[in-house]
Structures are given as structure tokens and as C-alpha cells.
Amino acid sequence: MTVSVRSITLMAIFIALNMILSRICSVHIPFEGVESIRIGFGTLPLVLSGILLGARLGFLAGLIGDVLGFILAPSGIFLPTFTIAAGLHGLLTGLIAGSGKIKECSRWRMYLAIAVSQILVAIILVPCLLQWHFGIPFWVTLPARLITQGILIPIYCMLIFAIVDRVKFCYREQSVGSSQ
């Protein structure tokens with residue numbers, strides 16, 4: 001698998017945005033001394049990387065973003081299971097949206113990719129990991145997660161569609177410019 005310079009650059013931008021939005025621009029809600037809920041747009045760049053760059057690079061962006069974010073701004077202990085969960089945001093959206101085939105990805109397929117990844121990872125997987133690692137009951141964090149994702153999923157859909165629509169426009173402009 002060869003990776004273009006454009007893909008590496010986009011991935012670096014998405015990783016940086018993920019670290020900033022997750023670690024600095026989020027509201028952290030602790031439960032029994034453990035950050036159990038994080039409200040913000042930290043996963044937005046990971047979802048976007050899955051849609052624009054494909055499942056593999058989206059997964060890699062999530063992994064690298066979580067590890068670098070922990071190194072630069074640690075909160076608690078490092079648990080690789082949460083790193084894998086971060087990578088799953090990019091992986092799932094990339095698989096469902098069409099693995100980086102931006103020109104072929106429909107609006108509804110993007111919405112489905114965003115909703116499925118957020119439901120599986122943010123609503124189901126992360127609370128299971130919190131229960132497994134820290135003993136926080138699944139049902140304690142579930143109501144807040146349902147409300148949060150009920151608000152974030154539509155916002156993610158609107159933002160990502162606007163960004164992807166603009167990127168599609170840039171690709172069209174570029175292909176028109178290169179054919180002249």
C-alpha cells in the first residue's frame with residue numbers, strides 16, 4: 001500500500017486536530033476519579049479521516065492521535081484498549097463510507113458511517129471498557145452518552161458533509177485544471 005504525500009499531510013492535520021479537540025477543547029466529566037465522559041468534537045477528525053483517507057489510514061490516525069495525545073497531555077494511565085477504540089472511529093467510517101472513495105460516497109452512506117461508528121464505539125464499546133478497567137457500571141454512563149451522541153451525531157453529519165462537499169469541489173477543480 002503506497003501512501004501519497006497528500007494523504008500523509010491530511011492525516012497529520014487530522015491527528016493534530018484530534019489532539020487539540022480531544023485534550024484541550026472538550027468538557028471532561030469524571031466519575032469516581034476516572035474520566036468517564038468527554039463531550040467535544042475530538043472524534044470528528046478521526047471520522048473525517050476514515051471518510052476521506054480510507055479505513056486503514058483512518059484507523060492509523062486514531063491510534064497515533066491517541067498515543068501522541070496521551071504523551072503530550074496525559075490523563076490517567078495509558079490503556080491500549082482506548083487507543084484501539086479511538087482507531088475504530090476512523091476504521092468503521094472508512095469501511096462503511098467506502099474506504100476513501102470520496103467521489104463515490106453518497107450523503108446517506110456518510111451519515112450511516114458516522115452514526116454506526118459513534119453508536120458502536122462511543123455508546124457501546126467505551127462504556128464496556130470503562131466497566132472492564134475501572135468497574136464503572138455500563139448503565140451509569142449510558143444515559144449521558146445517549147444524550148451526548150444524540151446531539152453530536154447530527155452535528156457531525158452536517159459538519160462532515162459540508163467539509164466533504166468542499167473537498168469534492170476541490171477535487172473537481174483540480175481535475176478540470178489538470179486536463180487543460
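Mentor: Helix α1 (residues 5–23) and helix α3 (residues 55–72) pack at about 45°, with axes 9 Å apart. Axes are lines fitted to C-alpha atoms, for helices over the stretch in contact, and angles run from 0 to 180 degrees between N-to-C directions. Helices are DSSP runs (H or I, at least four residues), numbered from the N terminus. This is a predicted model, where local features need pLDDT of at least 70, side-chain atom pairs count only at pLDDT 80 or more, and totals for chains, interfaces and linings use all residues. Residues are numbered from 1 along each chain as its sequence is written, and side-chain values use heavy atoms, without hydrogens and water.

Trainee: Which word describes how α1 and α3 lie to each other?
Mentor: Look at the angle, about 45°. Under 35 degrees counts as roughly parallel, over 145 as roughly antiparallel, 65 to 115 as roughly perpendicular, and the rest as oblique. So α1 and α3 are oblique.

Trainee: How far apart are the end C-alpha atoms of helix α5?
Mentor: α5 has 28 residues, 107–134. The expected span is 1.5 Å times one less than the number of residues.

Trainee: Which proline follows the bend in α5 within four residues?
Mentor: α5 bends by about 35° at Leu125. The bend is the angle between axes fitted to the seven residues ending there and the seven starting there. The proline is Pro127.

Terms used
Helices (H or I, at least four residues) and strands (E, at least two) are DSSP runs, numbered from the N terminus.
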